[in-house]
Amino acid sequence: MTVKKALITGITGQDGSYLTELLLQKNYQVHGIVRRASTFNTQRIDHLYQDPHDKEIQLFTHYGDLSDSTRLVSLLEQVQPDEIYHLAAQSHVRVSFDEPEFTGNTTGLGTIRLLEAIRTVGLPCRFYQASSSEMFGAAPPPQHEDTPFHPRSPYGVAKVYAYWATRNYREAYGMYAVNGILFNHESPRRGPTFVTRKIATAAARIKTGLQDSVYLGNLDARRDWGYAAEYVEAMWLMLQQEQPDDYVIATGTSYSVRDFAEHCFAHVGLDWRDHVRFDERYLRPSEVEDLVGDASKAHRMLGWKPTTHTPELARLMVDAELKPLLRSSIPGTPQRASLAPTAG
Ligand code: NAP
Ligand code: F7E
């Protein structure tokens, strides 16, 4: 039996790590693009490490960057993947207001560089684009595949560009290229400056006496938060269909940031109102107020349905934060300082 080869951009990110686990379980040979950093950036996939001297190895990593088209071409020539999951992006919405040009270059142009590399090499592969509910922005909920886009950030604008590039390559060149329009999905592997992980971490640290409060911005924003480990299954399903198409992936429910904080703090027996403070630095120049996805097409066509909803997600994220803290034998470990610029 021939083993399928997948190439994942963004393999070191939240979704990349869950997708790698899924594809390895499905017996794929998985190749991931890692960008060079001065510190190790592979923590989310280190548990999947395989000895490169082992003949049975199924996971390979390669240096590369979305800004480097020649490298994308050489990698495609080398790997010859059957499926490409394009997950790499500057994915932080608030940061995209600070770095709009960089965000456009990676999150927007990065997609067309990769599509063009596929065309240049002449690969008959299937392509998944990590599109986002941020493209809907100000469009009223519930949002579905035919809802007009109204992005509210440089990130959202860049994702709209990448969405249309993907559709254009499908229409112009007959490529099997799909957009998965995923609503927010979270997990214990979520980046620490996204609001769910920030709140879950704070609730656990406050409960164990390591800090007293957490500073947040807009508590009224509403999101449709699902569990990342379940969403990567939908990505895979989209590339197994006879015809390429675009799908919304969501839970169909929405909660405010305040609700999420309430669930996290209540789970450890605390009242969020005693610990959440306001800091205007976390506000955005323009906000996405309310996202609720209608994923009925994915239910119908892919047979995909979420099972973890926001309250349970909040609890599992807090539990994951508490675990190492409760194991720690050094009480009162000081909060780690970071020189990273304020991000969210
Ligand atoms: P994430 O955790 O921020 O991961 C982003 C990945 O992209 C990381 O592996 C990162 O590498 C890599 N990357 C960033 N810039 C790059 C560059 N110039 N060249 C090569 N790699 C680069 O994001 P995620 O939550 O897993 O999301 C995956 C994708 O889905 C992203 O495109 C995101 O925009 C999109 N999306 C996410 C959500 C969500 O709720 N999570 C919803 C809809 C769409 P480092 O590890 O080195 O930083
Ligand atoms: O913000 C509010 C903030 O940064 C959620 C990305 O994965 O999902 C993500 O984008 C909400 C916003 O995620 C803080 O204003 C309040 O309304 O966790 P977030 P996001 O902007 O929804 C989409 C689908 C993607 O595609 C993106 O890649 O929470 N909020 N106070 C805060 N947000 C942050 N980060 N920090 C705060 O202190």
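Start by selecting β5, residues 126-132. In this predicted model, the strand is mostly covered, with six of its seven residues buried.

On one side of the pairing list is β4, residues 83-86, which pairs with β5 in the parallel sense over four bridges. To see one of these pairings, pick Ile84 and look across to Phe127, its bridge partner in β5. Next, bring in β6, residues 176-182: seven bridges join this strand to β5, and the two run parallel. Click on Gln129 and you'll find its bridge partner in β6, Asn179.

Now show α5, residues 154-173. Together, β5, α5 and β6 make a right-handed β-α-β unit.

Which element gives the most to the shell around it? That's β5 again, with three residues. The elements giving two or more residues are α1 (14-25), β5 and α5.

Select the shell itself next. It holds 24 residues, and those that come nearest to the ligand are Thr12, Asp15, Leu87, Ser91 and Tyr155. Colour the shell by class and you get eight nonpolar, 11 polar and five charged residues.

- Tyr155: 2.5 Å
- Thr12: 2.6 Å
- Arg35: 2.8 Å

Taken alone, ligand 1 exposes 900 Å², and the protein buries 90% of that.

How values were computed:
Residues are numbered from 1 along each chain as its sequence is written. Chains are lettered from A and ligands numbered from 1 in the order in which they are written. This is a predicted model: local features need pLDDT of at least 70, side-chain atom pairs count only at pLDDT 80 or more; totals for chains, interfaces and linings use all residues. Side-chain values use heavy atoms; hydrogens and water are left out. A residue is near a molecule or strand if one of its heavy atoms lies within 4 Å of it. A polar contact is a pair of N or O atoms within 3.5 Å; within protein, one must be able to donate a hydrogen and the other to accept it, and residues adjacent in sequence count only if both atoms are side-chain atoms. Accessible areas come from the Shrake-Rupley method with a 1.4 Å probe; for residues, only the protein chains shown count as cover. Ala, Val, Leu, Ile, Met, Phe, Trp, Tyr, Cys and Pro count as nonpolar, Asp, Glu, Lys and Arg as charged, and the others, Gly among them, as polar. Buried means under 20% relative accessible area, exposed over 50%, partly exposed in between (1.4 Å probe, protein chains only). Two strands pair if DSSP finds at least two bridges between them. A crossover is right-handed if, with the strands pointing away from the viewer, the path from the first strand over the helix to the second runs clockwise.
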